[in-house]
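This report describes the fold of one protein chain and then turns to several of its residues.

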Amino acid sequence: MKKIFYLLLLAALATACGGNRNRHAAVNWEDEIPRGEILENRVLTAREQQALTPDEVIEVLREGNRDFVDDNLTIRNNSARIRDAATGQYPIAVVLSCLDSRVPVEDVFHRGIGDIFVARVAGNISNTDILGSLEYACKVSGSKVVMVLGHGNCGAIKSAIDGVELGNITHLLDKIKPAVEHTLESYDGMISSSNYELVDRVCYANVVHTVADIRRNSPILADMEREGEIRIIGGVYDMHTGVVDFMDDI
């Protein structure tokens, strides 16, 4: 409700400005919104990125998710951030997320332009192109954490459970089937995508499988993790609450 109040306040101020761009620019939002409700956030420098440890980055992501869930408000000057990041980027993490439009990854971790890399593919699976992207993020651009982010009620997970076959989707779902098969080894409930408990279990198993796949198929990232340069972790986003369940011990 707090965020809705401030958004309505900003809309009212914009209306009061009569839609005139120059008059709108003259409004000082800091005079209208209590300083305690504004979270500072700017583009990181290379030195600041390098100074962070993987554990510190994980804590930044945790804190950002708490801000997201608690509806804390961050005012970002996106025009300034675009200019600041135009000649270089120093993201702290790379998130491998599902394609799902209901998971706005930057918002979920309360990050802005230049803060994190995001790779998206249905079912948050790993393949050669994804691995190359993750390697670029960490080895070339200095990110300290790789997070595989699954989510509840995932359509790709449901399709894999139901054995859907359709064009190139069939090949994609083959990469989720190991998680389905592993889950069914110790599950005696109804095997259907309408079974929420099963979908949830496969979602978690799929995150674990993808993390293992990254370590197995990317010697670059596996070596970096062994040397303590990065951490490879998982997480599952709750579609109802916005909370990310961090799986940082897999």
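The chain holds 13 helices and 5 strands; helices (H or I, at least four residues) and strands (E, at least two) are DSSP runs, numbered from the N terminus. This is a predicted model, in which local features need pLDDT of at least 70 and side-chain atom pairs count only at pLDDT 80 or more, while totals for chains, interfaces and linings use all residues. Residues are numbered from 1 along each chain as its sequence is written, and side-chain values use heavy atoms, with hydrogens and water left out.

**Confidence**

The predictor's confidence in each residue is given by pLDDT, from 0 to 100. Its mean over the chain is 85, and 76% of the residues reach 70 or more. Over residues 4-27, however, pLDDT stays under 50, and the model has 17 contacts beyond four places in sequence for them; a contact means heavy atoms within 4.5 Å. Where pLDDT is low, the predicted coordinates should not be read in detail.

**The sheet and a helix across it**

The 5 strands form an open sheet with mixed pairing, in the order β2-β1-β3-β4-β5. Two strands pair if DSSP finds at least two bridges between them. At the edges are β2 (116-120) and β5 (244-247), each of which pairs on one side only. From one strand to the next, the twist averages 25°. Strands β1 (residues 93-97) and β3 (residues 145-151) run parallel and are joined by 5 bridges. Leu-96 stands opposite Val-148 in β3.

Helix α12 (residues 196-217) lies across β1, β3, β4 (231-237) and β5, and runs at about 160° to β4. Axes are lines fitted to C-alpha atoms, for helices over the stretch in contact, and angles run from 0 to 180 degrees between N-to-C directions.

**Burial along the chain**

A residue is buried under 20% relative accessible area, exposed over 50%, and partly exposed in between (1.4 Å probe, protein chains only). Of the 250 residues of the chain, 42% count as buried. The table lists some examples.

| Residue | Relative accessible area | Class |
|---|---|---|
| Asn-206 | 1% | buried |
| Cys-154 | 2% | buried |
| Cys-138 | 3% | buried |
| Gly-132 | 32% | partly exposed |
| Asp-188 | 78% | exposed |

**Selected residues**

Asn-206 lies in helix α12. Which residues are in contact with Asn-206, leaving aside its neighbours within four places in sequence? They are Gly-123, Asn-124, Ile-157, Lys-175, Ile-176 and Ala-179. The side chain of Asn-206 also reaches the backbone oxygen of Gly-123 at 2.8 Å.

Asp-188 is found in the loop between α11 (177-184) and α12. The C-alpha atoms of Asp-188 and Leu-198 are separated by 9.7 Å, and these residues are 10 apart along the chain. Gly-132 belongs to helix α8 (residues 128-140). Although Gly-132 and Ser-218 are 86 residues apart along the chain, their C-alpha atoms are separated by 8.5 Å.

Among contacts in the chain between residues at least 6 apart in sequence, 71% join residues at least 24 apart.

**Cysteines**

A disulfide is a pair of cysteine sulfur atoms within 2.5 Å. By this rule, the count is 0 disulfides. Cys-154 is in no disulfide, and the nearest cysteine sulfur, that of Cys-98, is 4.0 Å away.

Key. Polar contact = N/O pair within 3.5 Å; in protein donor to acceptor, adjacent residues only side chain to side chain.
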